[in-house]
Amino acid sequence: MEDLRQILFQIDTAYDRVSWHGPNLRGSLRGMTPALAAWRPSPGRHNIWELIVHAAYWKYVAWRRLTGAKRGSFPLSGSNFIKRPVEKTPGALRADLALLDEMHRQLRDAVAAVAPRELDRGSAQRGVTKRALLTGIAAHDLYHAGQIQLLKRMARSR
Amino acid sequence: MSVIQSLNDEYQRYKALAEAAIAQVGDEELGTAGGDGANSIEMLVRHIAGNLKSRFTDFRTSDGEKPWRHRDDEFESTSVTRGELLQIWDDGWSVLFREIGMLSDADLSATVTVRNQPLRIDEALHRSLAHVAYHVGQIVFMAKAMRGGAWQTLSIPRGKSEEYNRAASSETAAAHTAKLGKLSSKT
């Protein structure tokens, strides 16, 4: 149980629980606007909006690999980096933020249901234990939170 | 896989990601601010290394924020060469890996302190990995902006996600780290 508590601590603090290391992923998105989310530092570079959907997609993948669920249930078509925005509206941004929250909740619920003895057994990702999968997905949130903070700063300086 | 091993593998992955990004930028670009006075890659390298060196020197027996660390200086521009910068980087990481190498999962519930705050060792390691991942994401982002179209991707190539997902046989952190290491040595 202690093991599971630590993994949930990692996942929670990387996403939306108070963290020591500065903004976590959800914190980096606080007050986000469609214009800011859609801003690109140069043509072809990802914008914050795409990072939101990318993080949601990989939470989905982690959930699928953790639970062994079949492919094809991610609500959007495409994978990894999905072009955004389709519509630059507050409603469209809210919908993608809600998708991120939902993919996080789905993953967290699945993690909480893992038997601790299962953590060091394989996931549906060949060669990767459940523990390694979950340690990786928490770090992935922060990797992109750092980038979102940088993008916000760059956008506001233009 | 032990808890320590999984953390060690992720640390190695993020170290390799940063190194593969740094290898792609020119010497003068290392000191270029990320926009609007934001940190340069050089500053982030010194900050990550300074943090690791402070946190993990005498990790079990002294506070993680050492009196000899001057954190604010890590964000000042300097005129270090690439070689000097990479030496600072390696020094910080070597302290971390030496300490991790001496830990086992049985040590995880023991307590260390950071700025006088007691923390379990596993929490201290998770915090540290989070800090590293956060700033490595920024290093990679800046390096990619500097290289533009000549950037060699460090993850899944654009438009290749489906192909990658069908044959994702080497996705362990260690396998990813090894691929990144080859990329760093080529550039």
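Reader: How many residues of chain A are in contact with residues of chain B?

Author: Two residues are in contact if their C-beta atoms, placed from the backbone, lie within 7 Å; here 34 residues of chain A are in contact with 35 residues of chain B. α6(A) gives the most to the side of chain A that touches chain B, with 15 residues. This is a predicted model, in which local features need pLDDT of at least 70 and side-chain atom pairs count only at pLDDT 80 or more, while totals for chains, interfaces and linings use all residues. Residues are numbered from 1 along each chain as its sequence is written, and chains are lettered from A and ligands numbered from 1 in the order in which they are written.

Reader: Which residues of α1(A) are buried?

Author: A residue is buried if 20 or more other C-beta atoms, placed from the backbone, lie within 10 Å of its own, exposed if 12 or fewer, and partly exposed in between. Helices are DSSP runs of H or I with at least four residues, numbered from the N terminus. In α1(A), the buried residues are A:Q6, A:I7, A:Q10, A:I11, A:T13, A:A14 and A:Y15, and what covers them includes α4 (121-147) of chain B.

Reader: Why is α1(B) described as largely enclosed by the rest of the structure?

Author: Helix α1(B) is described in that way because 19 of its 20 residues are buried.

Reader: Which residues touch the most other members of the largest nonpolar core?

Author: A nonpolar core is a set of buried Ala, Val, Leu, Ile, Met, Phe, Trp, Tyr and Cys residues joined through C-beta atoms within 7 Å. Of the 83 residues in the largest one, B:A133 and B:I139 touch the most other members, and α4(B) supplies the largest share, 14 residues.

Notes: Helix = DSSP H or I, 4+ residues; strand = E, 2+ residues; numbered from the N terminus.
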